[in-house]
Amino acid sequence: MTSAPAPLGLGLVGCGGFGTYVLDAVAGLPGLRPTAVADPDPVRARVLGERHGVPAFGSLEELLERTDVEAVAIATPPAAHAAMATAALRAGRHVFCEKPLATTARDARAVAREADRAGRALVVDHVLRYNPLLRALERLMAEGLLAAPRRFMFENDASDQDLGPGHWFWDREHSGGIFVEHGVHFFDAARALLGTDPVSVRATAVRRPGGPVDMVSADVLHPGGVLASHLHSFTHAHRCERQSMRLDHGFAETRVEGWIPVRAEISAWTDEAGARAWEELPDRAADLLHVDGFRPHGGERLTVTVERDAASPAPASGRGEVRTVPHHVRAVLDLGGEARKPHAYRESVRAAVADLVRVARDGGTPVADALAGLTAVAVAEAATLAADTGTEQPVSAPGTAPRPTAPPHLQESS
């Protein structure tokens, strides 16, 4: 018999609200144990250290002097991410970095190179990568039940209720701006769901009267004429926030609710073989919605209804694609409704850290790796420049995101 490997010792830097949230979310994660925290505010550091029974320090440098800190979680404001991630990697530590990986593509590229040179795991906290609904959509596309999207649309009317005039969020030197600080989540989600790296960006920024830029939009062109549209406004009260994502698959459409998705509805037209495949999905719900490290709460469900047309309609055509698709499918993937959003957020963070533990122990590539972090920042930076100049900006693609090819017998089923 072989003994289980010792838990990975995690030190966290940044003991504010989000740092506390991360450490609480990963408490009890198999293969991981908190070992230290650090923050320049000694009170915050002490409170969080006592909360988890670990010593508290004043800086990342002190954290890195400890041999029981094998991985570092970075939960500071964005401007510090690149330098801290680089320091931790050079000290031989694995890194879990809150998004964005950096506030510039140049710095993000340097961090990615450092992770490669150091041979250490680097996971960026792109929580949407670890959300069961979006993971299920990726699986349905890989199986051919959904075609790759022709359009991606995301609208985010977010809250500014806690973002006073002096908050670092509004300061580009600290946050990178809305596209960088917040938009990276959705540039990355689009890249994952579309399966391609973006080509170019057009963008607009709107400044509130007498105040900062609080609304931005970007149209991101992907290969093959696929367009991803993003809008973010920080203009609402908490209770009035609204977010929606829409994917146009041609003969199907997916609508996803919430920036932390908890419900997705799919409407698809298909043939007889496709209808049978959709009807079998509820039996596979647990596997379809599975994400390592994400603990289900028991209220998840997948329902599918198929409205069959007994007649033999003429072939349908759109954008030059011709199919005979008489049957209408309606599928709902639900993580338990709006009340389960806090659970989905916490568990997505937990799953991202579980990914770090897996790669640190077994090797391989994280789901939200350095390339994902770099690409999202590169798109965000291009969008910021496009909005500033009013001109379309190219995106230098640092890598590719190939989509698995569906088996031939499934390719006609969507």
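**A loop residue and its wider setting**

Analyst: Arg 319 sits in the loop that links β15 (316–318) to β16 (321–323); helices (H or I, at least four residues) and strands (E, at least two) are DSSP runs numbered from the N terminus. The model is predicted, so local features need pLDDT of at least 70 and side-chain atom pairs pLDDT 80 or more, while totals for chains, interfaces and linings use all residues. Residues are numbered from 1 along each chain as its sequence is written, and side-chain values use heavy atoms, without hydrogens or water.

Most residues other than glycine have a negative phi, and most peptide bonds are trans. Arg 319 is also exposed, with a relative accessible area of 60% (buried means under 20%, exposed over 50% and partly exposed in between, using a 1.4 Å probe and protein chains only).

Now let's see the whole protein. It has twelve helices and 18 strands. Its C-alpha trace spans about 70 × 65 × 40 Å along the principal axes. Of its 414 residues, 53% count as buried. Taking the contacts (heavy atoms within 4.5 Å) with a separation of 6 or more, 73% join residues 24 or more positions apart.

Elsewhere in the chain there is another backbone feature to find: the peptide bond between Lys 99 and Pro 100 is cis, with omega about -10°. Pro 100 belongs to the loop between β5 and α5.

Both β5 and α5 also turn up around helix α4 (residues 81–90). Seven of the ten residues of α4 are buried, so the rest of the structure largely encloses this helix. The buried residues are His 81, Ala 82, Met 84, Ala 85, Thr 86, Ala 88 and Leu 89. They pack against β1 (8–13), α3 (60–64), β4 (71–74), β5 (94–97) and α5. Just after α4 comes Gly 92, with a positive phi of about 85°.

Next, follow α5 to another partner. The axes of helix α5 (residues 105–118) and helix α12 (residues 370–389) come within 9 Å and cross at roughly 170°. Axes are lines fitted to C-alpha atoms, for helices over the stretch in contact, and angles run from 0 to 180 degrees between N-to-C directions. That makes α5 roughly antiparallel to α12 (over 145 degrees; under 35 counts as roughly parallel, 65 to 115 as roughly perpendicular and the rest as oblique). From α5, Ala 105, Ala 108, Arg 109 and Ala 112 take part; from α12, Ala 370, Leu 374, Val 377, Ala 378 and Glu 381. Seven of these residues are nonpolar, none is polar and two are charged (nonpolar: Ala, Val, Leu, Ile, Met, Phe, Trp, Tyr, Cys and Pro; charged: Asp, Glu, Lys and Arg; polar: the others, Gly among them).

Helices α1 (residues 17–26) and α2 (residues 42–52) form another pair, with axes that come within 11 Å and cross at roughly 10°. So α1 is roughly parallel to α2. Gly 19, Thr 20, Leu 23 and Asp 24 of α1 touch Leu 48, Arg 51 and His 52 of α2. This contact has two nonpolar, three polar and two charged residues.

Finally, visit Ala 192 in helix α8 (residues 178–194). With 13% relative accessibility, Ala 192 counts as buried.
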